[in-house]
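Please examine the sequence and the model before reading each solution.

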Amino acid sequence: MAGHKSSRRERIKKGIRKNLTGTVERPRLSVFRSNKAIYAQIIDDTTGKTLVSSSSTSKDFAASGNKVDQSKAVGKSVAEKAVAAGISKVVFDRNGYLYHGRIKSLAEGAREGGLDF
């Protein structure tokens, strides 16, 4: 059963992305989670460009604590960068992950930072 979880996530991701695209007015906030870090990008799918990004591995990231706390800080960080770039409304793409734990805390941090989704 090696790779069962990743193939399940890819199947869920395909179903989500069928109905979810980022536009100029509402770009897509995409989340990727690894065992050690979490990454968030705001993407305009019409041009295929990443507008804003943040991660727990970047040099300017200085939050400490457990991984859930770090995820919330990444959400706030990406929200602050997005608001500075003039983006206030996004579409949340959980990328096939379940909406709990680190994904949920990143979303809450992004909402606290000023993003609307």
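**Exercise 1.** In which sense do E1 and E2 pair, and over how many bridges?

*Solution.* The model is predicted. In it, E1 and E2 pair in the antiparallel sense, over 6 bridges. As an example of facing positions, Ser30 stands opposite Gln41 in E2.

**Exercise 2.** Determine the order of the strands in the sheet and identify its edge strands.

*Solution.* Begin with the order: 4 strands form an open sheet, arranged E3-E2-E1-E4, with mixed pairing. Next, consider the edges: E3 (49-55) and E4 (91-93) each pair on one side only. Finally, neighbouring strands are turned against each other by 20° on average, direction ignored. Across E1, E2 and E3 lies helix H2, which runs at about 145° to E3.

**Exercise 3.** Describe how H2 and H3 cross.

*Solution.* Two packed helices are described by the angle and the distance between their axes. The axes of H2 (residues 67-84) and H3 (residues 102-113) come within 7 Å and cross at roughly 35°. The crossing is right-handed. Contributors to the contact include Val68, Gly75 and Ala79 of H2 and Ser105, Leu106 and Gly109 of H3. By class, the contact has 6 nonpolar, 5 polar and 6 charged residues.

**Exercise 4.** Which residues of the largest nonpolar core touch the most other members?

*Solution.* This core has 20 residues, of which Leu29, Ile42, Phe92, Leu106 and Leu115 touch the most other members. At least two core residues come from each of E1 (28-33), E2 (38-44), H2 and H3. Leaving aside neighbours within four places in sequence, Ile42 is in contact with residues including Leu29, Leu51, Val78, Ile87 and Leu115.

How values were computed
Residues are numbered from 1 along each chain as its sequence is written. This is a predicted model: local features need pLDDT of at least 70, side-chain atom pairs count only at pLDDT 80 or more; totals for chains, interfaces and linings use all residues. Side-chain values use heavy atoms; hydrogens and water are left out. Axes are lines fitted to C-alpha atoms, for helices over the stretch in contact, and angles run from 0 to 180 degrees between N-to-C directions. A crossing is left-handed if the near helix is turned anticlockwise from the far one by less than a right angle, and right-handed if clockwise. Contact means heavy atoms within 4.5 Å. Ala, Val, Leu, Ile, Met, Phe, Trp, Tyr, Cys and Pro count as nonpolar, Asp, Glu, Lys and Arg as charged, and the others, Gly among them, as polar. A nonpolar core is a set of buried Ala, Val, Leu, Ile, Met, Phe, Trp, Tyr and Cys residues joined through side-chain atoms within 4.5 Å. Buried means under 20% relative accessible area, exposed over 50%, partly exposed in between (1.4 Å probe, protein chains only). Two strands pair if DSSP finds at least two bridges between them.
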